[in-house]
Amino acid sequence: MESHRFLLQHNPHHVATPKFHQDGFFFNEIDPLGQQADGHFYLLTAVNQLTQQADIRCAFFSQRNQVISPAEAPFGSIEFAETLPDSVLDQFLEVLLSSARLFKKPTLRLVNYPDCYAPQQANRLTAKLFRHGFRLVASHKNAYLPISNRPFEQAIQPQERRRLRACQRANFHFHHWVNPVLADVVNFITDTRKTLGHRLTLSPERLAKLLDTFPDKFLVFCVTDGSKLAALAITVHVRHDILYYFMPASNPDYRTFSPMVMLVNGLFTYCQQHKIQLLDLGVSLDNFHNPKPSLMRFKRNLGASESPKLIFEKTL
């Protein structure tokens with residue numbers, strides 16, 4: 001008997017979807033997949049015949065010029081068990097390619113999770129994709145903070161430490177905004193980014209819907225000066241041990257304080273308290289998706305390490 005059964009589903013419901021073998025990445029779950037594009041997606045899994053759980057999965061979307069994973073999320077691609085046999089991974093890629101070819105689109109595009117999320121699987125997947133004829137079309141440096149018992153202040157550069165202490169002396173406060181006023185959050189992000197000439201990667205309406213639909217996954221943190229917002233960030237609880245720093249915004253009036261340092265310090269402490277092992281600070285790109293050295297330098301000053309975040313394409 002074959003060890004795995006391959007299953008391709010269109011817009012599957014929870015009850016019809018094989019359970020993933022572990023606590024997987026939030027962006028690959030059914031509900032957030034249904035929020036992307038027009039909600040039409042395909043889920044390919046390989047079900048372990050002994051456990052009846054999916055050991056590998058990939059959700060993809062058929063768009064005008066390509067088949068893509070994901071349509072509207074930081075990453076999608078192929079998520080699988082560390083113990084998955086090489087032969088099953090090879091078979092899965094062949095089934096994925098044959099499934100993608102049914103849509104008569106020129107390319108299949110896979111946006112991988114940062115390597116630091118699952119280093120062994122990421123390395124294996126990269127090697128396999130090359131062997132199956134994929135080409136690397138983009139490689140971004142993804143910044144992240146490994147969470148340890150060490151105080152955040154000890155890991156950061158002196159100039160950032162001075163900024164943190166300036167915020168503390170000014171009696172700024174960091175807190176988790178448990179029941180945020182969604183309009184206030186969205187307006188603050190939209191207004192501050194517009195003032196700085198930064199493009200929003202999501203429409204205000206879609207951002208508000210994500211916050212409203214997934215309040216336990218999209219968490220809002222802020223730094224306040226009295227009743228005034230100095231800085232704010234939405235984070236995504238990607239997995240029980242990973243927090244993704246998403247949509248940061250800083251009030252231009254507080255530029256001399258750099259309150260985002262206090263905000264990241266607070267997030268680091270939050271991760272320590274909630275047994276989160278990795279704080280993902282994301283890629284550092286400008287409005288044109290080119291590397292932004294000043295932003296990467298800021299993250300390095302906060303003690304961040306760097307991990308590749310790779311995008312692959314295969315001509316179909």
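Which side chain meets Arg165 in a salt bridge? Select Arg165 and look for Glu153: the two side chains meet at 3.0 Å, N to O. A salt bridge here is a side-chain nitrogen of Lys or Arg within 4 Å of a carboxyl oxygen of Asp or Glu. Arg165 lies in helix H5 (residues 158-169) and Glu153 in helix H4 (residues 152-155), so the pair ties together parts 12 residues apart in sequence. Helices (H or I, at least four residues) and strands (E, at least two) are DSSP runs, numbered from the N terminus.

This is a predicted model: local features need pLDDT of at least 70, side-chain atom pairs count only at pLDDT 80 or more, and totals for chains, interfaces and linings use all residues. Residues are numbered from 1 along each chain as its sequence is written, and side-chain values use heavy atoms, without hydrogens and water.

Next, select Arg57 and Glu29. Their closest N and O atoms are 3.3 Å apart in a salt bridge. Arg57 sits in strand E3 (residues 54-62) and Glu29 in the loop between strand E1 (4-10) and helix H1 (30-34), so this pair ties together parts 28 residues apart in sequence. Arg57 is buried, at 7% relative accessible area. Glu29 is partly exposed, at 29%. (Buried means under 20% relative accessible area, exposed over 50%, partly exposed in between, with a 1.4 Å probe and protein chains only.)

Move to Asp253. Its salt-bridge partner is Lys228, with the closest N and O atoms 3.5 Å apart. Asp253 is exposed at 58% relative accessibility; Lys228 is partly exposed at 39%.

Last stop: select Asp86, Asp90, Arg124 and Lys128. Salt bridges with shared partners join these residues into one network.
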